[in-house]
Amino acid sequence: TRLKNILTNNILVKIAALAAGILLWAVLSNANDPVVTRTISVPINYQFADKLKEDENLVVISAPETVSISVSYRTSNASKISASMFSCSADLINHVGGDLSSQRIHISVTQLTGRDYIVDWTYQKNDPTITVAMDEYITKTFTVEFLPENSLTEGLVLDNSVTFSPSEITVSGPMSEFSNLASVKAPVNLQELSSDGGGNTSMDVRVYLYDSNERIISNDSLEMSTDTVTLSAVLKRISVVSLRLAGVTGEPAEGYRYLSSSIEPDSITVSGLKSSVADLTDISIPAEAIDITGITMDTEFVVDITPYLPEGVYADL
């Protein structure tokens, strides 16, 4: 029939024409929406850091944050392409290399989404590793040192028995980070400490790392077992009191007589709890402390007044 003749005559020419049409469509399609390639940065997820520390006493001190991946896609899909379409993991346990500062570890990149938009993607498949720097993980123990700041409220003095709980803390981190660490100190604002007016006192204070120049070290790589300790201290009140001689004992040598005596200094500074020094105005030295028996000239006596101080009162000698 006529239709059959139309369909069967020159079939090769018709197939060629169809192929040419398809090719032309593809060319025009690519021309209007070409495939382009760009590089995206995918964050690296480092795995087994805790196991590396526990099993080998090693920590990573320097490592790349991202890996570069070449992604091909059609221009019309550019806004849909993002790094979140991929994941990258790095196995810290399987590290190789003789120098800790240059350890090679394997990475694995996986496409998560975007299969309808991404034509192709590649990364360093011939060498799927990155280089990281590691260091020994060590721990050192430091005694917490008292670092007073400002001045006590007037009329108060700090007893020497300042203690901290805990009195020691441990600092852990990469061995290279300890080079500048000299001490662990607890700065204490004495104005705040004495705000209650004296007596037994305690307060929580922060501790900091210090270098040899007494400067605070800010280092996230060093971990303290605690950053807060409890200070316990005794704040005493100070007062100036008079010294009074109750008399003397004994008699001078024959032909001599006792006329008078004086005390130098005639006052001293004492300290103690508020209840001990609040009403204290003078200290009496008993006559038994000065024995003039047999003396023939003006004589100086050195008297230890400690036995005559009330309980809980201390002299600033």
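The dialogue below turns to aromatic rings and then to one strand residue.

Author: This is a predicted model; local features need pLDDT of at least 70, side-chain atom pairs count only at pLDDT 80 or more, and totals for chains, interfaces and linings use all residues. Residues are numbered from 1 along each chain as its sequence is written, and side-chain values use heavy atoms, with hydrogens and water left out.

Reader: How is a pair of aromatic rings described?

Author: By the distance of the centres and the angle of the planes. Rings of Phe, Tyr and Trp (its six-membered ring) pair if their centres lie within 6.5 Å; planes under 30 degrees apart are stacked, over 60 edge-to-face, the rest tilted. This structure has three aromatic pairs. Trp121 and Tyr123 are stacked, at 6.0 Å centre to centre and 15 degrees between the planes.

Reader: What are the distance and angle for Phe146 and Phe164?

Author: Their centres are 6.3 Å apart and their planes at 50 degrees, so the pair is tilted. Phe146 lies in strand β7 and Phe164 in strand β9, so the pair ties together parts 18 residues apart in sequence. Strands are DSSP runs (E, at least two residues), numbered from the N terminus.

Reader: Is Ala186 buried or exposed?

Author: Buried means under 20% relative accessible area, exposed over 50%, partly exposed in between (1.4 Å probe, protein chains only). Ala186 has 0%, so Ala186 is buried. Ala186 sits in strand β11 (residues 183–189). Beyond its neighbours within four places in sequence, its contacts (heavy atoms within 4.5 Å) include Phe146, Phe164 and Val229.

Key
Helices (H or I, at least four residues) and strands (E, at least two) are DSSP runs, numbered from the N terminus.
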